[in-house]
Amino acid sequence: MEATGLRKSFDLNEVLRGVSFVLDKGETLVVMGGSGAGKTVLLRLVAGLIRPDAGRLRLFGVHIENLSEEALLPLRRRMGYVFQSAALFDSLSVYENVAYPLREHTSLGEAEIHERVVRNLSVVGLSNDVLPLLPSELSGGMRKRVGIARALSVEPEMLLFDEPTAGLDPTNAKLVADLMLHLRGGVCDTAMVVTHDIELARTVADRVAILIEGQFAALGPADEVLSGRNPAVQAFLAGTAAR
């Protein structure tokens, strides 16, 4: 995936001011930035959920910035999106939530759907006991894991994570971070993660980008960026660590 000069404004607020980067297969890129910095906007652009005002975005070898919704669909099916709130359907059981993308986007029979739902829940460390439960009956950490299992349902080539540890206590945050590392072992080896969680970045990132005032103030190997001497980056990291 390659982004070149991405710009996005809402009304008179210019959120992204020329963002460029490459995400290689097998790599995890973590994008960090303060609240309102444009991290989620960038992720939504990559997913094709919104369109840039300017710039180019190449996904799976195809430039997507001017594609129709119909042309975007097969590309979106090659990605899994894990929402910050997990975005589970409140009225559906865990089973039905994880099965939902399979019913919408595949022609699998019920036996195959069941097998894949159980397998993906197992991947995220959840047993069959959770299948009949509603999201309201789950802890925050379990909801996040169900959200990841649902994103894995269509066997994506790339996962997009929006603040995967937000709202979690340190124990559950570490469980989610460890799970993200586990997924790279073969389930899905390419990911883009937006977060303000420095520990998550240190755990899962190959490269880190720091988004400040609509542009990348730094982009490079995780160790270099997180221990770098860029004053703007240092100020951001110090503010994040103090929370």
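Me: In the hairpin of strand 9 and strand 10 of this predicted model, which residue takes a positive phi?
Reply: The hairpin has two residues between its strands. The strands concerned, residues 207-212 and residues 215-221, run antiparallel and are joined by six bridges. The residue with a positive phi, near 50°, is Glu-213.

Me: Which residue of strand 10 is the bridge partner of Ala-209?
Reply: Strand 9 covers residues 207-212 and is joined to strand 10, residues 215-221. Strands of a sheet pair through backbone hydrogen bonds, either parallel or antiparallel. Here the two strands run antiparallel, and the partner of Ala-209 is Leu-219.

Me: Which strands stand at the edges of the open sheet?
Reply: Six strands form the open sheet, with mixed pairing, in the order 6-7-8-3-9-10.

Me: In which sense do strand 3 and strand 8 pair, parallel or antiparallel?
Reply: Strand 3 spans residues 28-32 and strand 8 spans residues 191-195, with five bridges between them. Within this pair, Leu-29 stands opposite Met-192 of strand 8. The sense of the pairing is parallel.

Me: Why is helix 5 described as roughly parallel to helix 6?
Reply: Two packed helices are described by the angle between their axes and the distance between the axes. For helix 5 (residues 140-152) and helix 6 (residues 170-183), the axes are 10 Å apart and the angle is about 20°. Angles under 35 degrees count as roughly parallel, and therefore helix 5 and helix 6 are roughly parallel.

Me: How do the residues of the contact of helix 5 with helix 6 divide into nonpolar, polar and charged?
Reply: Helix 5 passes helix 6 in a right-handed crossing. Helix 5 contributes Gly-141, Lys-144, Arg-145, Ile-148 and Leu-152, while helix 6 contributes Asn-172, Val-176, Leu-179 and Leu-183. These residues divide into five nonpolar, two polar and two charged.

Me: Is Lys-39 buried or exposed?
Reply: Lys-39 is found in helix 1 (residues 39-46). Leaving aside neighbours within four places in sequence, its contacts include Val-31, Met-32, Glu-163, Val-194 and Leu-211. Because its relative accessibility is 7%, Lys-39 counts as buried.

Me: What is the phi of Glu-163, and where is this residue found?
Reply: Most residues other than glycine have a negative phi, and most peptide bonds are trans. Glu-163, which counts as buried at 7% relative accessibility, has a positive value instead, near 45°. Glu-163 is found in the loop between strand 7 (158-162) and helix 6.

Me: What does the relative accessibility of Phe-60 make this residue count as?
Reply: Phe-60 lies in the loop between strand 4 (54-59) and strand 5 (62-63). Although not a glycine, Phe-60 has a positive phi of about 50°. At 25% relative accessibility, Phe-60 counts as partly exposed.

Me: What separation lies between the C-alpha atoms of Ser-9 and Gly-141?
Reply: Ser-9 has its place in strand 1 (residues 2-10) and is partly exposed, with a relative accessible area of 28%. Not counting residues up to four places away in sequence, Ser-9 touches Glu-14, Val-15 and Asp-53. Ser-9 and Gly-141 are 132 residues apart along the chain, and their C-alpha atoms are separated by 33 Å.

Technical notes:
Residues numbered from 1 in each chain as written. Predicted model: local features only at pLDDT ≥ 70, side-chain atom pairs only at ≥ 80, totals over all residues. Heavy atoms only, no water. Pairing = 2+ DSSP bridges. Helix = DSSP H or I, 4+ residues; strand = E, 2+ residues; numbered from the N terminus. Axes fitted to C-alpha atoms, helices over the stretch in contact; angles between N-to-C directions. Parallel < 35°, antiparallel > 145°, perpendicular 65-115°, else oblique. Left-handed = near helix turned anticlockwise from the far one by under 90°. Contact = heavy atoms within 4.5 Å. Nonpolar A, V, L, I, M, F, W, Y, C, P; charged D, E, K, R; others polar. Buried < 20%, exposed > 50% of the residue type's maximum accessible area, 1.4 Å probe, protein only.
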